[in-house]
Amino acid sequence: MTVIVRQPGMLTTIQDFGWRNRLHLSLSRGGAMDSDALATANQLVGNPLDACGLEFTGVGPTLFFEESLCIAWTGGVMSAVMTRTGQSQPVVLSSHRPIAIPAGATVRWGAASAGFRCWLAVTGGFKVTTRLGSCSSHLAAAIGAGPVVREQRIAVNPPNATAAALRAALSERESDATTWSVATTVPHSWPIIEVAALAGRHFNQLSEEDQRRLLDQGWAVSSSSNRQGVSLKGERLTTTLPNILSEPVREGTVQLPPSGLPIVLLAEHQSTGGYPRVLEVLSTEREVLAQAGPSARIVFRLVSQDQADQIQVRRRRSIVALRDAITSKLQTL
Amino acid sequence: MDFGDSPESNARVRATFRFLHQHRPDYLSEVVAGVQTLAIVLPETWRDAEHRARAQDALGLAIEQSSSMTEQPGRRVVLPVCYDASMAPDLQRVCEITGLSAKAVIERHQDALYEAELVGFMPGFAYLGGLDATLAVPRLPTPRPAVPAGSLGITGTQCAVYPTATPGGWNLIGRCPLLLFDPHRAQPALIALGDSVQFQSISVSEFERLWGQR
């Protein structure tokens with residue numbers, strides 16, 4: 001069974017969790033920019049958490065569904081409209097919940113009204129060739145498929161028992177969608193996105209004035225940003241730090257190039273970098289960084305290692321709580 | 001870990017990298033080498049203060065142990081490269097800067113034995129040290145938005161082959177038809193950290209034949 005792409009949207013790519021333990025090959029994680037959000041979408045339709053889905057950016061695609069299945073999309077706030085030939089009334093669909101889609105339906109996603117990216121899961125997950133164990137599209141490394149294009153047909157796996165049962169249960173209800181939904185990962189402070197970070201290796205080489213500039217600003221997002229990194233715009237830092245010999249960098253490293261405008265590295269980062277590193281954003285902040293679109297303003301919050309450890313622990317607990325809550329809710333369907 | 005600004009630093013980084021890769025201790029999820037630095041990624045369950053301290057101690061020991069081991073020679077990799085003018089858009093510029101003839105540039109590039117000092121930037125890309133000092137040229141003032149995949153670039157003391165059509169600021173003097181990174185291969189990357197690399201001149205028709213096999 002296939003899903004047909006009628007319109008590709010701004011940038012829609014096939015993603016799962018990406019690659020782990022490949023940095024020695026210079027292959028960074030890639031995959032869904034917020035893999036927890038993809039996991040949530042998958043859980044909502046009964047799939048294994050790492051099943052292959054789609055990542056939407058800015059404006060979502062229009063997809064045609066040959067057969068009936070369940071879908072759910074998470075992350076930013078983006079609504080969709082469903083139509084079917086023969087049905088006069090288009091139906092508005094909402095994010096963050098499982099929805100039963102009938103055979104022959106076309107779903108058109110719009111622009112994100114808050115946030116920037118969404119992750120779509122469908123019953124069974126997409127069936128795509130894997131490379132080094134992942135179905136993801138790593139655009140920077142040119143590994144995997146490129147962005148989806150018009151008239152592309154994407155195969156879907158047959159569902160496992162859980163997903164099939166869920167689809168059946170949802171289709172039998174009066175309303176095809178649940179009344180409950182999961183919370184969006186876009187922060188309440190939107191368009192301000194606050195990210196916690198440790199001081200980077202070269203933070204102390206910045207003048208005090210520059211340290212303040214770095215931490216006090218609501219940095220704007222440059223249009224040259226992509227899955228490799230968010231390029232920030234704002235008042236430039238003036239300390240001239242010399243370029244360094246290439247060092248291993250990580251997702252969350254904030255580099256300071258000669259321009260004085262920081263870059264926050266993301267999922268498709270290069271494995272090494274020659275720019276000084278002024279901050280290290282915590283890995284827990286991936287979820288909000290993935291929502292850093294053109295209207296966002298990023299504010300860095302400096303934390304200590306202890307605080308960072310606590311943030312990690314809290315985050316792990318809240319993810320476990322979320323998975324448990326979804327499991328209970330789905331059982332009542 | 002920063003190995004500091006000494007001439008042996010790169011060798012020590014590579015020795016530690018090899019050691020950790022071979023022994024795969026349980027505090028190590030990933031290890032990435034820089035020019036003078038090395039980073040390890042801890043597994044999820046090791047990310048608290050106590051485990052970090054243990055990992056740091058263990059890493060210190062590993063560095064000591066690896067430095068007392070004899071340097072293992074890396075593999076020797078031979079890369080075919082076509083130096084034909086049609087594949088060497090910056091050869092003219094290199095000749096002008098160095099004062100050498102095209103023939104001399106190609107010979108001196110081909111004659112050297114290079115060493116993969118750093119693997120990074122993108123999959124398949126290796127920074128190869130050992131470029132003849134008479135061939136030292138600065139980067140292009142403006143990088144190309146996209147170099148042809150397989151292009152051989154030189155700058156400063158290094159040369160490298162661009163695995164795909166990425167932006168690039170190095171001086172292009174040839175092109176290699178092989179797939180530098182193939183996810184379907186048992187060893188996806190052709191060049192690993194510490195490998196010795198030699199270049200072998202091929203004709204345009206040989207280039208086309210090999211390119212067709214990608």
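I count a salt bridge when a side-chain nitrogen of Lys or Arg lies within 4 Å of a carboxyl oxygen of Asp or Glu. The model is predicted, and every value below is computed from it.

**Entry 1: salt bridges inside the chains**

I searched the whole structure and got 28 salt bridges over all chains. I looked up A:Asp36 and found it paired with A:Arg315, with 2.4 Å between the closest N and O atoms. A:Asp36 sits in helix α1 (residues 35-44) of chain A and A:Arg315 in helix α5 (residues 305-331) of chain A, so I noted a link between distant parts of the chain, 279 residues apart. I then checked the accessibility of both partners. A:Asp36 has a relative accessible area of 27% and is partly exposed, while A:Arg315 is at 18% and counts as buried, because buried means under 20%.

I next took A:Arg227, which forms a salt bridge with A:Glu268 at 2.8 Å between the closest N and O atoms. A:Arg227 is in the loop between β14 and β15 of chain A, and A:Glu268 is in the loop between β18 (263-265) and β19 (272-273) of chain A, so the pair ties together parts 41 residues apart in sequence. I found both A:Arg227 and A:Glu268 buried.

In chain B I looked at B:Arg47 and B:Glu44, a salt bridge with the closest N and O atoms 3.7 Å apart. B:Arg47 is partly exposed at 27% relative accessibility, and B:Glu44 is partly exposed at 45%. I also noted one network, in which salt bridges that share partners join A:Arg201, A:Glu247, A:Arg250, A:Arg277, A:Glu280 and B:Asp2.

**Entry 2: A:Ser222**

Is A:Ser222 buried or exposed? I found A:Ser222 buried, with a relative accessible area of 15%. A:Ser222 lies in the loop between β14 (219-221) and β15 (229-233) of chain A. Its side chain makes a polar contact with the side chain of A:Ser224 at 2.9 Å. With neighbours within four places in sequence left aside, I list A:Ser231 and A:Lys233 as its contacts.

**Entry 3: chain A overall**

I counted five helices and 21 strands in chain A. The radius of gyration is 21 Å, close to the 20 Å that the globule rule gives for 333 residues, so chain A is as compact as a globular protein of that length. Along the principal axes, the C-alpha atoms of chain A fill a box of roughly 65 × 35 × 35 Å. Of the 333 residues in chain A, 56% are buried. Among contacts in chain A with a separation of 6 or more, 77% are between residues 24 or more positions apart.

**Entry 4: chain B against chain A**

I computed about 2400 Å² of buried area between chain B and chain A, with carbon and sulfur atoms giving 59% of it. Chain B brings 33 residues to the contact and chain A brings 25 residues. I found three salt bridges across this interface. A:Asp309 and B:Arg52 meet in a salt bridge through their side chains, at 2.7 Å from N to O. I also counted eight residue pairs in polar contact between the two chains.

On the side of chain B that touches chain A, α1 (9-23), β1 (30-33), β2 (38-41), α2 (49-67) and β4 each supply at least two residues. The largest share, four residues, comes from β1(B). By class I get 18 nonpolar, nine polar and six charged residues on that side.

**Entry 5: helix α4 of chain B**

Which residues of helix α4 (residues 102-111) of chain B are buried? I list B:Ala104, B:Val105, B:Ile106 and B:His109. What covers them includes α3 (91-98), β4 (114-119) and β6 (151-155) of chain B.

Notes
Residues are numbered from 1 along each chain as its sequence is written. Chains are lettered from A and ligands numbered from 1 in the order in which they are written. This is a predicted model: local features need pLDDT of at least 70, side-chain atom pairs count only at pLDDT 80 or more; totals for chains, interfaces and linings use all residues. Side-chain values use heavy atoms; hydrogens and water are left out. Buried means under 20% relative accessible area, exposed over 50%, partly exposed in between (1.4 Å probe, protein chains only). Contact means heavy atoms within 4.5 Å. Buried area is the accessible area (1.4 Å probe) that two parts lose on being put together, summed over both. A polar contact is a pair of N or O atoms within 3.5 Å; within protein, one must be able to donate a hydrogen and the other to accept it, and residues adjacent in sequence count only if both atoms are side-chain atoms. Ala, Val, Leu, Ile, Met, Phe, Trp, Tyr, Cys and Pro count as nonpolar, Asp, Glu, Lys and Arg as charged, and the others, Gly among them, as polar. The radius of gyration is taken over C-alpha atoms; the globule rule is 2.2 Å times the number of residues to the power 0.38.
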